[in-house]
Every structure is written in structure tokens, then in C-alpha cells.
Amino acid sequence: MTDLVRAQAPVVMGVLNVTPDSFSDGGRYADLDAAVAHGVRLVSDGAHLVDVGGESTRPGADRVDAQTEAARVLPVIRELVAAGVVVSIDTSRARVAEAALAAGAAVVNDVSGGLADPDMSRVVRDAGCPWVLMHWRGHSRGMREFAHYTDVVTDVRDELAQRVDAALAIGVAAARIVVDPGLGFAKTAEHNWQLTARLPELLALGFPLLFGASRKSYLGRLLVDPDGAPRPTAGRETATAATSLLAVAAGAWGVRVHDVLGTADALAVWRASGRPRLATDRAGLHEDDTEGDR
Ligand code: PMM
């Protein structure tokens, strides 16, 4: 699975929430057969791996206990793995991650970046699996209160660097670490846009970067109707694909999306056009500087 982390192609992670209350797909895949069929469908649409989650992380959500979380995800993981699907487990609990890895999951996607459970780093280290460390400041219930930054991009970069250092210190291999800015987690819409615009500053950490904008509410607020009402989640797919394309063109390693087909199509266009990289303002400034020197 380290191959996946080192993969050159942008990686598409399909989202499979087996929760009754996730913000965009809650309740839809609570039934085992429906969940497995959807996971297989995500792969046929172009996902490289399927991210299975059993606890909603939408802002304000209450926590479920570890047993409930495990009971939701484990049967789905077992069946998806049996069907040949590469699975990541979306959890911030070490016990759930451990059980998911034993059931065949290959990657741990931890929205808390190792902060929520002190045992997580040991579980990941011992399993030798890739670990997505997302930027996080607190559980969903209170995270809006934590959306205060001096400069969101440098603060997120520095806090991610601390999470990476903690992972390395306990013996997690650098080659297995993926970072994620955690769009919408203790972030306002403006914070999310700044993180998108200044992705190269996060890429400078030197780790593959996963970008998860899919269907998030700041896209709904961008696409307001004439009365000012945010676009419902079902109408945010084109904006999600556009955002995924921007992230990949800026150098992101992968994107986490619900509608895999839309993003896979956008990335096919990007590949066919020679994988153009976004010219950043920073690069432009360098060119100007060079001109001035001559
Ligand atoms: N977002 C959600 C859940 N898990 N994991 C990572 N690594 N990055 C994210 O941005 C992320 C995540 C929330 O979205 P969902 O409820 O639709 O899964």
C-alpha cells in the first residue's frame, strides 16, 4: 500500500459513509448490501480506494460509541475487501482502526491527525499502513469555536507539521504519511478558499496531500440561488469536480469525493491535456524578480 502513497497519478478516494446522519449521504448506505454495492460502484466509476466511515463528522454532530462505529463499518469492510476493493477506514479511534485493519482495510484516514486517540499512532505504526493525518482542532460538536487563525494557511501548515513530527517520533514511516488540510473542520468558507488558493504552501511540507472538498457547505454557499439560499448537497457535484481539478493541478496527491465519476472525468481532461500545473502567484513573482535582475 505504500505504492498508493507514492503513486504518481492523482488518487481518487470514494466516500462511503455508513452512518444515519452524515451531511450528504447519511442514512443512504446503512444497509449492508446497499453499502457494499455502492462501494463497488465507486471503484467502477474510477475510485482507487473507498473510504468507509461509521461516525458522522458534520459540524455539531454527536459522537457514537466505539462499538456502534465498529459494528457499522466492519461487515462492509470485510465484504468490500472480499470483492477486491482497497479500503481506507475513516476513524479517529485506535480500536476501530485496529479492527478495520484486521478486517482488511489498507489505509487509516484519521480526521483528528492522531490527536483524538493517543493509541492511534501505535496502531498505525505497528500495522505499517498509510495514515492520512487531517488538520483538526476538536470534535464536531464544538469545532466552530476553533475556527480562529492568525493566518489560516500558515497555522494549518504548522499544526500539520506538528502532527507529522509526532507520528515520525513514534516510528511511523515518513513514506506512509499523507496530510490533509481538513476543509470545513474548524474552518469558515473563507478559510477553505484560502487553503485552496495557497495549496503550494501546504505541499511544501513535503508529504502527499489529500483534498476533501466534496459537497461541503462552503460550495453550497458559493452557489446560492437568487433568494440567497445555499445550493443543496445534491447540486454541488460540478463545483466539487472543479475544486478537485484545481487541487490536483496545484499538486495534490489525491481527492476525497462522493461522486467519483464527475471528478474522474475532470481528471481525465486534465491528464489528456498534458497534466498542466497551475501557475501560482508565487511563481509569477519569481519570474518578475528574475526579469528585474536582468
Ligand atoms: N471530510 C469528511 C470526513 N472525512 N477525511 C479526510 N481525510 N478529509 C476530509 O476532508 C474529510 C474526511 C466530512 O465529509 P463526509 O461527511 O461527507 O464524509
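**Ligand surroundings**

In this predicted model, a nitrogen atom of the ligand has a polar side-chain atom of Asp180 at 2.7 Å; a polar contact here is a pair of N or O atoms within 3.5 Å. Asp90 also places a polar side-chain atom 3.0 Å from a nitrogen atom of the ligand. For Asn17, a side-chain N or O atom is 3.1 Å from an oxygen atom of the ligand. The protein buries 98% of the 410 Å² that the ligand exposes when taken alone (Shrake-Rupley accessible area, 1.4 Å probe).

The shell around the ligand holds 16 residues, the closest being Asn109, Asp180, Lys216, Arg256 and His258; a residue counts if one of its heavy atoms lies within 4 Å. By class, seven shell residues are nonpolar, five polar and four charged (nonpolar: Ala, Val, Leu, Ile, Met, Phe, Trp, Tyr, Cys and Pro; charged: Asp, Glu, Lys and Arg; polar: the others, Gly among them). Strands E1 (11-17) and E5 (131-134) each supply at least two residues of this shell; strands are DSSP runs of E with at least two residues, helices runs of H or I with at least four, numbered from the N terminus.

Residues are numbered from 1 along each chain as its sequence is written. Local features need pLDDT of at least 70, side-chain atom pairs count only at pLDDT 80 or more, and totals for chains, interfaces and linings use all residues, while side-chain values use heavy atoms, without hydrogens and water.

Note on methods. A polar contact is a pair of N or O atoms within 3.5 Å; within protein, one must be able to donate a hydrogen and the other to accept it, and residues adjacent in sequence count only if both atoms are side-chain atoms.
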